[in-house]
Amino acid sequence: MDTQSFSANPVIEKATNTSVVTRILRQLHTSNRLILMLYPLTLLLGQLYQFGPNEPTYFASKRNIINVLFVKRGWLWTAIAYFILLAYRLSLPASSLVATKPRYRLSRMIARFLVATLYWVVFTQWFFGLPIMDRVFVFTGGKCNGGVQIQDSLVNVSSATCRSVGGTWLGGHDPSGHTFLLIHSSLFLWYELSPFLDEFLTIYRAGRNDSKSRKSILVALPTHLKLIIALLILWWWMFLMTCIYFHSFFEKISGLIWAYVEVVLVYMIFRHLL
Ligand SMILES: CCCCCCCC/C=C\CCCCCCCC(=O)SCCNC(=O)CCNC(=O)[C@H](O)C(C)(C)COP(=O)(O)O
Ligand SMILES: Nc1ncnc2c1ncn2[C@@H]1O[C@H](COP(=O)(O)O)[C@@H](OP(=O)(O)O)[C@H]1O
């Protein structure tokens, strides 16, 4: 069911016009619904895999090259992918369907990026001192052992500082930063990309019988979109590795929930504002 078919139903429209639930339901397009299911299912898959032979692979090491070069600078790569999408948006003709939508004006796209960046900052980097993920850890009894000790929850010792002074994060509930970062980045990129992909697919399908358009879909896909999809695949793979090798189940669930909250707020409840 897409947005149009849902909101075109006058009975539903009238009965539940302004409710938050309706706003959420309206935005659950088929493709987005599948993407929203992908990450919880991957988490379950990773959990099931742990019951198997579970031989450590290259990806079980924190020093694996993709973790060091990509995930540890994950928001930077997501930002680069988004700038590529912005460049693609600017290259579209004014008659393009997406280009005519007010929601895809450059200013609104940049505003959504800044909101997503702020959301990443407050959860993983800084929230008037410790970032939220570290505050949850300290609040639930976690401490930095070995290097420095956290005296109370307001002392500014983040997980990053703790590591840098040779300490270990012990006790408490430590929401998985990797789970959050990878899902937050992926959902953000997917929600931004999907209308551009929809338009490309519509044009591609319409022109399929034209001899010039008989190229396979992968060849025909614009390079900008290919690069973003490649990053989405890389993020999914690293999330699967996090699910298999790192953190407890509930620590990954809390990272996941925090990432989904942003999508519900920005792409469903306050969609008309951003
Ligand atoms: C057509 C072009 C128009 C351009 C207009 C642009 C206007 C933009 C306006 C302002 C620019 C803002 C720029 C923001 C760019 C953001 C770039 C960055 O993000 S730089 C920081 C990179 N750092 C990371 O990505 C770190 C990621 N890592 C983590 O978050 C954590 O390590 C972890 C959560 C993965 C794990 O935590 P740990 O403690 O367990 O290691
Ligand atoms: N997919 C992955 N590949 C490699 N290391 C990962 C990983 N997912 C998590 N980790 C590592 O597991 C630790 C906890 O991750 P997080 O709390 O961000 O979810 C981090 O260690 P370091 O902090 O020592 O780098 C992180 O690098």
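Is phenylalanine 249 buried, exposed or partly exposed, and what is its relative accessible area? Phenylalanine 249 is partly exposed, with a relative accessible area of 24%. The classes are set by relative accessible area: buried is under 20%, exposed is over 50%, and partly exposed lies in between (1.4 Å probe, protein chains only).

The model is predicted, so local features need pLDDT of at least 70 and side-chain atom pairs count only at pLDDT 80 or more, while totals for chains, interfaces and linings use all residues. Residues are numbered from 1 along each chain as its sequence is written, chains are lettered from A and ligands numbered from 1 in the order in which they are written, and side-chain values use heavy atoms, with hydrogens and water left out.

The chain holds 14 helices and 2 strands. These are DSSP runs, numbered from the N terminus (helices: H or I, at least four residues; strands: E, at least two). Of the 274 residues, 42% are buried. Contacts (heavy atoms within 4.5 Å) were counted at a separation of 6 or more, and residues 24 or more positions apart account for 75% of them. The accessible surface of the chain is about 14,700 Å². Carbon and sulfur atoms contribute 69% of that surface. Areas come from the Shrake-Rupley method with a 1.4 Å probe; for residues, only the protein chains shown count as cover.

Ligand 1 is surrounded by 18 residues. A residue belongs to such a shell if one of its heavy atoms lies within 4 Å of the molecule. The closest are Lys72, Arg73, Trp75, Trp120 and Gln125. The shell divides into 9 nonpolar, 6 polar and 3 charged residues. Here Ala, Val, Leu, Ile, Met, Phe, Trp, Tyr, Cys and Pro count as nonpolar, Asp, Glu, Lys and Arg as charged, and the others, Gly among them, as polar. Helices H6 (74-91), H8 (106-125), H10 (159-164) and H11 (177-206) each supply at least two shell residues. Oxygen atoms of ligand 1 lie 2.8 Å from a backbone N or O atom of tryptophan 75, 3.1 Å from a polar side-chain atom of glutamine 125 and 3.3 Å from a backbone N or O atom of glycine 74. The protein covers 65% of the 1,000 Å² of accessible area that ligand 1 has on its own.

Around ligand 2 there are 14 residues. Arg163, Ser176, His178, Thr242 and His247 are the closest. An N or O atom in the side chain of serine 176 is 2.7 Å from an oxygen atom of ligand 2. For the side chain of lysine 62, the distance to an oxygen atom of ligand 2 is 3.3 Å. A nitrogen atom of ligand 2 lies 3.1 Å from a backbone N or O atom of methionine 238. Of the 540 Å² of accessible area that ligand 2 has on its own, the protein covers 85%.

The whole structure contains 23 aromatic pairs. Rings of Phe, Tyr and Trp (its six-membered ring) pair if their centres lie within 6.5 Å; planes under 30 degrees apart are stacked, over 60 edge-to-face, and the rest tilted. Phenylalanine 137 and tryptophan 169 form a tilted pair, at 4.0 Å centre to centre and 40 degrees between the planes. Phenylalanine 137 lies in helix H9 (residues 132-139) and tryptophan 169 in strand E2 (residues 168-170), so the pair ties together parts 32 residues apart in sequence. Both residues are buried. Phenylalanine 249 and phenylalanine 250 form an edge-to-face pair, at 5.3 Å and 75 degrees. Phenylalanine 250 counts as exposed, at 57% relative accessibility. Ring pairs also link Trp75, Tyr82, Phe83, Phe113, Trp120 and Phe188 into a cluster.

Key: Polar contact = N/O pair within 3.5 Å; in protein donor to acceptor, adjacent residues only side chain to side chain.
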